[in-house]
Amino acid sequence: MNAQAAPAAPTSPYAPHGPDGAADAPGAGLTLLTVNLGTLVTLMAFTAPATTLAATAQGLHSGPVAQTWMLTGTPVGLAALLLTMGSTADARGRRRTFAAGAVLLLLATVLAAAAPTTAVFLAGRILQGAASAAVLASGLGLIAATHPAGHRRIRALGLWGAMIGAGVAVGPVYAAVLTQAWGWRSLYWGLALLSVPVAALTAAVPESRAARPRRLDPAGAVTLGAGVGALVAGFGESRGGWLHPAVLVLVAVAAAALAAFAAVERRVAEPMLDPALWRSPAFLASGIAALVNGLALVGVFSYLPTIVEGVLGTGAVATSMLFLVWSGLSAVAALLARRLAPYLSAGAQAALGLTVAAAGQAGLYGLHTGGSYGRLFPALAVGGIGSGILNAALARLAVSSVPADRSAMGSGANNTARYVGSALGVALTVSVVAAAHGSSPAAALAAGGNHAFLLSAAACLAGAAAVLLLARRADRAAG
């Protein structure tokens with residue numbers, strides 16, 4: 001197919017409306033269906049170990065270190081390659097990159113399902129992360145290329161944000177139910193089957209790329225991938241202590257690689273991540289909102305099942321219901337958030353989402369042994385609504401905070417911040433929980449969880465203030 005450029009961005013990066021009279025590009029509906037299905041499957045794969053770690057480790061006879069990598073393997077591959085995949089998609093074709101990611105996701109999931117050893121399973125999980133990076137980064141670029149700026153794009157991006165919440169909601173429940181019924185391998189075989197229509201539908205999606213494709217930046221890709229991958233891996237290893245030699249080595253490698261990446265980007269003619277973007281209030285607002293989302297929300301909720309099971313003694317299926325409430329309402333709120341667009345800029349909407357999420361996190365405070373399982377649900381409902389408002393805003397910010405022909409790169413940068421934040425959030429949550437004391441292990445776990453909830457709420461409020469300030473600066477600059 002002939003390449004087509006992404007549509008022009010609105011004059012203001014926070015403008016809620018563009019040329020509403022413009023018609024969707026051919027294939028817009030199929031593109032939206034394919035991208036949303038791919039996003040749903042990648043998030044289900046990402047969250048699957050949250051409620052099945054013990055069963056998987058037992059089936060593969062995995063030790064504590066391997067169990068840590070079962071949780072961090074996919075985030076490492078995902079975070080390390082998101083920005084690279086986004087830049088590649090803009091330069092070489094968004095559909096092509098998405099299709100490659102969909103096929104790799106299928107193969108990686110089959111590898112994890114059939115893995116005879118822990119090492120093979122971990123390889124499958126890391127490859128799932130790499131595939132997810134291609135799907136997530138290029139997916140938003142495909143939506144932007146087929147939906148004109150204005151209410152149609154806002155609606156489409158809201159649907160994409162809803163798939164983020166739906167994947168997080170469905171993944172743990174799906175994994176827990178299938179593992180209980182047919183064993184842990186069944187959940188990966190099921191995900192492989194769900195990947196088949198994603199790969200098949202991609203063939204009919206129209207191709208798009210930047211009007212003036214940039215040259216690839218291999219030095220930037222290698223240094224960034226190494227730096228972010230080592231950083232996320234270091235956060236994962238910190239569960240054994242922040243001064244553990246493996247953590248110190250990985251963080252040192254990350255610092256050196258990221259410093260090299262910054263030097264490379266200042267010198268190449270066409271950098272993967274233009275240093276000028278760091279002076280853009282809109283781009284900074286997008287990155288901070290995504291980082292806080294991962295740090296304070298995704299990170300804490302990733303460890304919530306462990307806290308709840310240890311304090312209240314609930315089983316895997318019951319615990320997965322917590323995800324269903326939080327992320328289910330997140331998906332609904334993201335769908336409805338498009339109604340806010342005429343009244344709130346994307347930055348103001350992100351700040352609102354973080355504020356509501358902070359109220360939900362604070363509402364979880366008071367967890368104690370012998371407490372009520374149902375007491376958690378109102379706070380989770382509030383937090384889920386805030387998360388949905390935020391996810392819809394992040395999709396708008398990711399596309400609007402960068403030049404129109406670099407929408408996939410914007411998605412990659414935004415999601416990189418989100419998943420680096422989530423890796424750090426899990427590590428910090430584990431550290432905070434482990435440092436708490438109590439009359440019993442369950443009481444200590446409850447005290448640590450309460451500390452983590454309050455810190456998460458504070459981080460959300462601080463993030464909301466920073467994003468709102470940057471949003472106002474962006475509006476003044478545009479005016």
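**View 1. Ser62 in the loop between helix H2 (53-60) and helix H3 (64-92) of the predicted model.** Helices are DSSP runs of H or I with at least four residues, and strands are runs of E with at least two, numbered from the N terminus. With a relative accessibility of 12%, Ser62 counts as buried, where buried means under 20% relative accessible area, exposed over 50% and partly exposed in between, computed with a 1.4 Å probe on protein chains only. Leaving aside residues up to four places away in sequence, Ser62 touches Ala57, Gln67, Met70 and Thr118, contact being defined as heavy atoms within 4.5 Å. This is a predicted model, in which local features need pLDDT of at least 70 and side-chain atom pairs count only at pLDDT 80 or more, whereas totals for chains, interfaces and linings use all residues. Residues are numbered from 1 along each chain as its sequence is written, and side-chain values use heavy atoms, with hydrogens and water left out.

**View 2. His61, in the loop between H2 and H3.** The phi of His61 is near 55 degrees, a positive value in a residue other than glycine. Most residues other than glycine have a negative phi. His61 has a relative accessibility of 74% and therefore counts as exposed.

**View 3. Ala55 in helix H2.** Because its relative accessible area is 29%, Ala55 is classed as partly exposed. When residues up to four places away in sequence are not counted, Ala55 touches Thr179 and Trp184. Ala55 and Ala337 are separated by 282 residues in sequence and, from C-alpha to C-alpha, by 38 Å in space.

**View 4. The packing of helix H5 (residues 118-146) against helix H6 (residues 151-182).** The two helices pack at an angle of about 155 degrees, with their axes 10 Å apart; axes are lines fitted to C-alpha atoms, for helices over the stretch in contact, and angles between N-to-C directions run from 0 to 180 degrees. H5 and H6 are therefore roughly antiparallel to each other, a term applied to angles over 145 degrees. The contact involves Leu136, Leu140, Ile143 and Ala144 from H5, together with Arg153, Ala156, Leu157 and Trp160 from H6. Of the residues in this contact, seven are nonpolar, none is polar and one is charged, with Ala, Val, Leu, Ile, Met, Phe, Trp, Tyr, Cys and Pro counted as nonpolar, Asp, Glu, Lys and Arg as charged, and the others, Gly among them, as polar.

Terms used
Angles under 35 degrees count as roughly parallel, over 145 as roughly antiparallel, 65 to 115 as roughly perpendicular and the rest as oblique.
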